[in-house]
Amino acid sequence: MTDKISPTTTIVTQSKTQTGTKTEPVTLESVNDGPEFTKDFGFLPIPAHLRYNPAKPPHFGLLLNIAFAFASTFIVANLYYCQPLLLQLALSFNVSHSQVSRIPTLVQAGYAVGLVLISPLGDLLRRRPLVLSTVAISTSLTVGLAVTKNLVVFEALSFIVGVVSVTPQILIPLAADLAPVNRRASAISIVLSGLLLGVLVARVLAGVIAQFVSWRVVYYFAIGVQLVVLTGSYVMLPDYPSKNINLTYFNILWTMGKFAVTEPILIQASLILIGSSACYSNFWVTLTFLLGGPPYNYSTLGIGLFGLVGIAGVATAPIGGKVVDKLVPWYATLLCIFMLSIFQAVQTGAGGINVAAVIISAFGLDVFRQMLQVSLTTAIFGISVSARSRINAVSILAIFLGQVMGTSAGTHIFVNFGWRAAAAFSMGLYGFQLFIILIRGPHCGQYTWFGYEGGVESRKSVAQ
């Protein structure tokens, strides 16, 4: 057995068999030594109870899990505050609506850049200072958004804020590293629910605040909650050693691209995520058109209240995580795709006829969409412990691509062919996801591309 253990060490154990000695590699999922850091950035003391101690690894309890979710909520919200504010921004900067319409695009483009260039750093650097840095930068830049009177400056700052608002994509792999194996999916689901809640809450909060006071107050609010996240990160986030001390930044980026084209599990998951994300975006974007026109003719406020249905769906995330913890991820994914197809069928059949169908569909699609993401994330994190940040970045880029596709194609189909055609488009995408999951079985080897092997056991405890 090797003597020294690092974050990426493979221990070789030997066992006797009838034919001789059998050598089995065992990859550790915890770090058992390494230098103890007492300061972040060389000057900021790390609280003693948060310093990494190999003899006493950090405990990832429910409170810390919720703190991760809270941070994810109010950091990812940075990407969506601007969307309900576009009319006020146009008036404030004295420009046309078409000019301010660039702002959401710039924020999302910045986020895509951050996913590629910053979130993979979680595999190279210690996550504690990385999180503190990204939150501190996003908070500082939000001050500029709140006070600037120049549209170009606002656009530039929006782009950079998008770049550094990838903190949730650093925290999700860290949660997987810290959580016990038997509740990893539950831990991921709670952090993910915080991220999804941020997407919903940001639009609601921004719209409500701007309705009564200046749009700038929205960004003052964002500064305040990010300061809470920054303070909470300092006093609660445990230190954890870097996992790939021998790699360079360019090695990290190269291997991320390599994972994206050489790992069958990751490719299968990414294709499913593209399809499911396109369906999700198609539903929520075209829902505005559906509810705003006949037979419903709802007001903007009435349409906005449907976000509460989404929030109710997010609240079920811990339950979905517990289900995923008990099942082999392949079966959890198959279950989710099947249920998503059922709820989408409800929308396809009656979405434009009865609002009850819309409510049922919205709730069911939210519940099983996030459960699907948890099951796929759990599966791909098993590829390599030391590469979880890079693997997560690839999966999030797949989601991002699916959102763009679903928004563009869904809007075009709805406008030209109606609500049922747009809903049928999503049904087709669920059929695509079902095909992708079925062509590669639940227990295939890491580099098996197609087929079935290793049995059909669905219970994770038995399969392991």
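**Helix packing and salt bridges in a predicted model**

Student: Between which two helices is the loop that holds Ser-386?

Tutor: This structure is a predicted model. One of the two helices is H16, which covers residues 355-381. Ser-386 is found in the loop between H16 and H17.

Student: Is Ser-386 buried or exposed?

Tutor: The relative accessible area of Ser-386 is 14%. A residue counts as buried when this value is under 20%. Ser-386 is therefore buried.

Student: How far apart in space are Ser-386 and Asp-177, C-alpha to C-alpha?

Tutor: In sequence, Ser-386 and Asp-177 are 209 residues apart. In space, the distance between their C-alpha atoms is 9.4 Å.

Student: Which residue forms a salt bridge with Asp-177?

Tutor: Side chains of opposite charge can pair when their charged atoms come close. For Asp-177, the closest N and O atoms of the pair are 2.6 Å apart, and the partner is Arg-388.

Student: How many residues apart in sequence are the parts that Arg-388 and Asp-177 tie together?

Tutor: The salt bridge joins Arg-388 to Asp-177. Arg-388 lies in helix H17 (residues 388-417), whereas Asp-177 lies in helix H7 (residues 167-178). The pair therefore ties together parts whose separation in sequence is 211 residues.

Student: Which residues are linked with Asp-177 and Arg-388 in a network of salt bridges?

Tutor: A search of the whole structure finds 9 salt bridges. Besides Asp-177 and Arg-388, the network links Asp-123, Arg-127, Lys-243 and Arg-390.

Student: How many residues apart are Asp-123 and Lys-243?

Tutor: The side chains of Asp-123 and Lys-243 meet in a salt bridge, at 3.7 Å from N to O. Asp-123 is in the loop between H4 and helix H5 (127-147), and Lys-243 is in the loop between helix H9 (216-236) and helix H10 (249-262). The pair thus links distant parts of the chain, with a separation of 120 residues.

Student: What is the relative accessible area of Lys-243?

Tutor: Asp-123, the partner of Lys-243 in a salt bridge, counts as buried at 0% relative accessibility. Lys-243 is buried too, with a relative accessible area of 3%.

Student: Which helix holds the residue that forms a salt bridge with Glu-155?

Tutor: Glu-155 forms a salt bridge with Arg-102, the closest N and O atoms being 2.9 Å apart. Glu-155 lies in helix H6 (residues 151-164), so the pair ties together parts that are 53 residues apart in sequence. Arg-102 lies in helix H4.

Student: How exposed is Arg-102?

Tutor: Glu-155 counts as buried at 9% relative accessibility. For Arg-102 the value is 38%, which means that Arg-102 counts as partly exposed.

Student: Which residues does Leu-157 touch, not counting residues up to four places away in sequence?

Tutor: Leu-157 is found in helix H6 and is buried, with a relative accessible area of 15%. One of its contacts is Leu-141, which is 16 residues away in sequence and 6.4 Å away in space, C-alpha to C-alpha. With that sequence limit, Leu-157 touches Leu-141, Gly-144 and Leu-145.

Student: Which residues touch the most other members of the largest nonpolar core?

Tutor: This core holds 128 residues. Beyond four places in sequence, Tyr-81 touches several residues, including Phe-74, Val-218 and Tyr-219. Those that touch the most other members of the core are Phe-68, Tyr-81 and Tyr-219.

Student: What is the handedness of the crossing of H8 and H16?

Tutor: The axes of helix H8 (residues 184-212) and H16 come within 10 Å and cross at roughly 130 degrees. H8 and H16 are therefore oblique to each other. Their crossing is right-handed.

Student: Are H11 and H18 roughly parallel or roughly antiparallel?

Tutor: Helix H11 (residues 264-292) and helix H18 (residues 419-438) pack at an angle of about 165 degrees, with their axes 9 Å apart. Angles over 145 degrees count as roughly antiparallel. H11 and H18 are therefore roughly antiparallel.

Methods:
Residues numbered from 1 in each chain as written. Predicted model: local features only at pLDDT ≥ 70, side-chain atom pairs only at ≥ 80, totals over all residues. Heavy atoms only, no water. Salt bridge = Lys/Arg side-chain N within 4 Å of Asp/Glu carboxyl O. Helix = DSSP H or I, 4+ residues; strand = E, 2+ residues; numbered from the N terminus. Buried < 20%, exposed > 50% of the residue type's maximum accessible area, 1.4 Å probe, protein only. Core = buried A, V, L, I, M, F, W, Y, C linked by side-chain atoms within 4.5 Å. Contact = heavy atoms within 4.5 Å. Axes fitted to C-alpha atoms, helices over the stretch in contact; angles between N-to-C directions. Parallel < 35°, antiparallel > 145°, perpendicular 65-115°, else oblique. Left-handed = near helix turned anticlockwise from the far one by under 90°.
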